[in-house]
Amino acid sequence: MERRTLGRGDHALEVSAEGLGCMGMSEFYGTADESEAVATIHRALDLGVTFLDTADMYGPFTNERLVGRAVAGRRDEVQLATKFGNERAEDGTRLGVNGRPEYVRRACDASLQRLGVDHVDLYYQHRVDRTVPVEETWGALHELVEAGKVRRLGISEAAPATIRRAHAVHPVTALQTEYSLWTRDPEENDVLATVRELGIGFVAYSPLGRGFLSGQIRTVEDLDPDDFRRNHPRFQGEAFAQNLVLVDRVREVAQEKGVAASQLALAWVLAQGGDVVPIPGTKRVRWLEENVAALDVRLTDEDLRRIDEAAPVGAAAGQRYPDMSSVHV
Ligand SMILES: NC(=O)c1ccc[n+]([C@@H]2O[C@H](COP(=O)([O-])OP(=O)(O)OC[C@H]3O[C@@H](n4cnc5c(N)ncnc54)[C@H](OP(=O)(O)O)[C@@H]3O)[C@@H](O)[C@H]2O)c1
C-alpha cells in the first residue's frame, strides 16, 4: 500500500494513501450489519488501509465504540482519526456546534474512552463554532497534544482565514473537507491553495459523492427509508436527474478504461497530489476491496482531460448539505 504524508516536519503524520471512512457503519447510509462492518475494518488493515476515520457524533457515539472494538489488539497498525464539535445528546438530538475549551477537553476524554485507546493520532475540530474564537478552541487542543492524548491536530470544513488562525496557534496537520468529482469547491474557494501554502495535508471526505459517483444509485428508491441522503439536496428530484447525467458521463470514461465508476472517481482524487488522501466510506468488504484496487488505476493526461470535461468544476446540481450554515466557516 502506498503511503502519503499529511502535514510537515514535527507535525507530519504518515498514513495509507487511501483511508477508510467508518461513518456509514453506524448511521446516515441505511442499516449496517455490525459483523460485516468489523470484517471490513479488519480487511482494510490486512490490505494496508490503516488510516481510519470516525467522529464522536456518528451514531452518535456508537461508531467510535465499533471502531474501538475492531482495532483492539491491532492499535499499533492504525492511524486513528476522530472528531469533536458537532455536539449531540445520547438520544441523537443535535445540540449544535461547540468549540468551547471545557467541551474540547471533555469530548476528547469521552472519545478516548469509547475507542479504548490512550491517544488518537489525529484529532479534528469537526465544525467551527462561530461563537468561540478559533484561537480559544485551538488553545485547548494544543493542551491535549501536550498531555499526550492526541498526537496531531486537524480541522474540518474551515474557511482559509480560519485555517490560518488555527495554524498560528498549533500547526494543522490535516484539513478535512468534501472533495470529489461532484464537489470540486476546494479548487475554487482557495482551501486547497491555502493548505498547500501552509504545508497542511488534505483529507478528502465523501470522495464517491456519498455513493452517487458509483453510478449504482439510480433512483432515490434505491436508498433505505431512513437513509439521510433522501433529504440531501443533490438526491432530490431535478437535481438527482441532472447529477445522474454527470455520473453517466464519468461512467462512460470508466467503462472505456475497464474500471468501475467508483474506481475512476477515487483515482481522480488520488491524482490531485501526493498531499491528498481520500477516505472512501463503506461497510462492506466487497466495496473496500474494489476501492483499494483504485490505487492501481493510472490516469493519463488525456484521461484527466476527459474526466475534467465530464465533471467540470461546479457541474453538480444542488448544495452539499440541506443547511450550509456550518460549513466553510
Ligand atoms: N468531516 C465531515 O464533515 C465529514 C462528512 C461526511 C463524511 N465524513 C467522513 O468521510 C468518510 C467518507 O465519506 P462518505 O462515507 O460520505 O464517502 P463516500 O465514499 O463518498 O460514499 C460512501 C457511500 O458509497 C458507497 N460505496 C463505497 N464504495 C463503493 C463502491 N466501490 N461501489 C459502490 N458503492 C460504494 C457506500 O456504500 P455502503 O454504505 O453500502 O458500503 C456508501 O453508501 C465518512 O465515512 C466519514 O468518516 C466526514
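A residue counts as buried when its relative accessible area is under 20%, as exposed when over 50%, and as partly exposed in between. The exercises below use a predicted model.

**Exercise 1.** Find the buried residues of helix H4 and state how they are placed around its axis.

*Solution.*
Step 1. H4 covers residues 134-146, 13 residues in total. From first C-alpha to last, the helix reaches 18 Å, close to the 18 Å expected at 1.5 Å a residue.
Step 2. Its buried residues are Val 134, Thr 137, Trp 138, Ala 140, Leu 141 and Leu 144.
Step 3. These residues cover an arc of only 155° around the axis, so they are on the same side of H4.
Step 4. An α-helix has 3.6 residues a turn, so residues three or four places apart point the same way.
Step 5. The buried residues pack against strands S5, S8 and S9 and against helices H3 and H5.
Step 6. After H4 comes Gly 148, with a positive phi near 80°.

**Exercise 2.** Describe how strands S1 and S2 are joined.

*Solution.*
Step 1. S1 (residues 3-6) and S2 (residues 13-16) run antiparallel and are joined by 4 bridges.
Step 2. Thr 5 has Glu 14 in S2 as its bridge partner.
Step 3. The two strands form a hairpin, with 6 residues between them. In the turn, Gly 7 has a positive phi of about 75°.

**Exercise 3.** Is Gly 318 buried, exposed or partly exposed, and which residues does Gly 318 contact beyond its neighbours within four places in sequence?

*Solution.*
Step 1. Gly 318 lies in the segment after helix H11.
Step 2. Its relative accessibility is 38%, so Gly 318 counts as partly exposed.
Step 3. Beyond those neighbours, Gly 318 is in contact with Pro 233, Arg 234 and Ala 239.
Step 4. Asn 243 is 75 residues from Gly 318 in sequence, and their C-alpha atoms are 8.8 Å apart.

Technical notes:
Residues are numbered from 1 along each chain as its sequence is written. This is a predicted model: local features need pLDDT of at least 70, side-chain atom pairs count only at pLDDT 80 or more; totals for chains, interfaces and linings use all residues. Side-chain values use heavy atoms; hydrogens and water are left out. Two strands pair if DSSP finds at least two bridges between them. The expected span of a helix is 1.5 Å times one less than its number of residues. Buried means under 20% relative accessible area, exposed over 50%, partly exposed in between (1.4 Å probe, protein chains only). The arc is that of the directions from the helix axis to the C-beta atoms. Contact means heavy atoms within 4.5 Å.
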